[in-house]
Amino acid sequence: MKSFFVTLILLSSVVINPSLHSSTSSYDEVLSPKTILFWNTEQKLHGFKNMEDIFPTRLIRKSKNPYPLTYEPRSLDGLTYKYKGKKYSLEDYIQAFKVAGLIVIRDGKILHESYNFGNNEESKWVSFSVTKSVTSMLLGAAMKDGFINSVNDPIVSYLPQLKNSHYDRVSIKQILHMSSGVDWNEDYNDPSSDVSIASAYNSLKLYNYLRTLGTSSEPGAKFNYNTAETNLIGGLVRSATSYNLSNYLEQKIWQPFGMEFDAYWVLDYDHKEELGGCCINATLRDYARIGIFAMNNGILENGINVLPREWMQQSTSPSPNLEYYGYQWWLDGSNYNSFYADGIFGQFIWIDPDSKTVVAMHSAREDADVSSYAGGHRLNFMISLFQEINK
């Protein structure tokens, strides 16, 4: 396991006040991009599992036939890991990084499932940029359905509102690889950064904002993480399919693959459309099922292919400008055979196809981004976890 570090993600923000849920006049107060990044621990632990009571959302209905998971529990009581010469336990990791839920599944068997801070198997939790990987798979589903021709198509072929801008020369593939060349600032600690201002924008508001930005490179020449452009991918899927993202996810993955619980997807600044770059709210088991779906290359139990045959292989191949990033998935492990979806504050779905293992995590870590401290702990924790379940 080589690179459990980089994570960059986000939507925008809030001050917890459930009474403000979905009021247009209060959206500026609640969802002004600048606040969720600065919630304290108590606010995160409460807010991350109650997003549908705080934000405008759209329902994703559960399956009538949940994907079966059986139990083959392994004790993790003896799990320890070392970081900078000091030994830590599983409980140390949970407390330090506020892990609200941890599940480990191998070949359809739950080896470990635990919840903390008042959560249980029915608790929904915000995914942040774990959603980016799901949106990427929805784009693949739209290609399989014939709505999108090729990732090599110019994005303006599907979003003509961006014509006569820098995006005239940008392909869908370059957007997937985060290499449009647009000079976007994804600094979560800066209230005046682009991600703080515009990551909850969609449609015309988003297109107009992106037109104001300069460029830092030619299309396809440089990796630059950009949440707004995953919102563009969501807009592309909506434009091509004529479905909203919640309905398309429900129709293509959530119900057919067998998600056990309802989920919710946070809507944009104007309360109209889901944010492609953020904020599906789902249970830990269904996080893990997302991982199993990806690991199975989008093939349902009845053998139907939801995604193009090579989609996940292409999605988890190194991009030209960042070897550990694919189509909105982070790549990991020896020869990048494993991959993961990663969200700020520690949301995580890690997938190892070689061992048929999925690890999913709900978290309210202090820092949004993966610092060297958080990344170092997670790397060594995951190595020890993998060794423990292989004893």
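Select F345 to begin: at 0% relative accessibility, F345 counts as buried, where buried means under 20% relative accessible area, exposed over 50% and partly exposed in between, with a 1.4 Å probe and protein chains only. F345 is found in the loop between β11 (338–343) and β12 (347–352); helices (H or I, at least four residues) and strands (E, at least two) are DSSP runs, numbered from the N terminus. Most residues other than glycine have a negative phi.

The model on screen is predicted, and local features need pLDDT of at least 70, side-chain atom pairs count only at pLDDT 80 or more, while totals for chains, interfaces and linings use all residues. Residues are numbered from 1 along each chain as its sequence is written, and side-chain values use heavy atoms, with hydrogens and water left out.

Is S242 buried or exposed? With a relative accessibility of 68%, S242 counts as exposed, whereas F345 counts as buried.

Now select helix α4 (residues 130–144), and within this helix A141. The end C-alpha atoms of α4 are 22 Å apart, which agrees with the 21 Å that its 15 residues should span at 1.5 Å a residue; the expected span is 1.5 Å times one less than the number of residues. Because 14 of the 15 residues of α4 are buried, the helix is largely enclosed by the rest of the structure. A141 itself counts as buried, at 0% relative accessibility. Leaving aside residues up to four places away in sequence, A141 touches Y248, K252, V306 and L307, a contact meaning heavy atoms within 4.5 Å. For a distance check, draw a line from A141 to M178: the two are 37 residues apart in sequence and 20 Å apart in space, C-alpha to C-alpha. After α4 comes G146, whose phi is positive, near 85 degrees.

Move on to E274, placed in the loop between β8 (263–266) and β9 (280–283). E274 is buried, with a relative accessible area of 0%. Which residues does E274 touch, not counting those up to four places away in sequence? They are R58, N202, R238, N244, L245, S246, W265, V266 and L267.

Select C278 and C279 next, and show their side chains. These two cysteines form a disulfide, with their sulfur atoms 1.9 Å apart; a disulfide is a pair of cysteine sulfur atoms within 2.5 Å, and by this rule the count comes to one. The torsion about the S-S bond is about 40 degrees, so the disulfide is right-handed. Both partners can be coloured by accessibility: C278 counts as buried at 1% relative accessibility, and C279 counts as buried at 0%.

The following stop is helix α12 (residues 372–389), whose 18 residues reach 26 Å from first C-alpha to last, close to the 26 Å expected at 1.5 Å a residue. Its buried residues include A374, H377, R378, F381 and L385.

On a 1 Å grid over the protein atoms alone, a cavity is a set of points where a 1.4 Å probe fits but cannot get out, and a pocket is an open set with protein on both sides within 12 Å along at least five of seven lines; lining residues have an atom within 4 Å of a point. Grid points are joined across faces, edges and corners, and a volume is the space filled by probe spheres set on the points.

The structure holds two cavities of 30 Å³ or more, and about 70 Å³ of space lies in the largest cavity. To display its lining, select Y93, F97, G346, M361, S363, R365, A374 and R378. The elements giving two or more residues to this lining are α3 (90–97), β13 (357–363) and α12.

Finish at the largest pocket, in which about 170 Å³ of space lies. Its lining consists of A294, M295, N297, M312, Q313, T316, P318, N335, Y336, N337, F339 and P353, and the elements that give two or more residues to it are α10 (284–295) and α11 (311–315).
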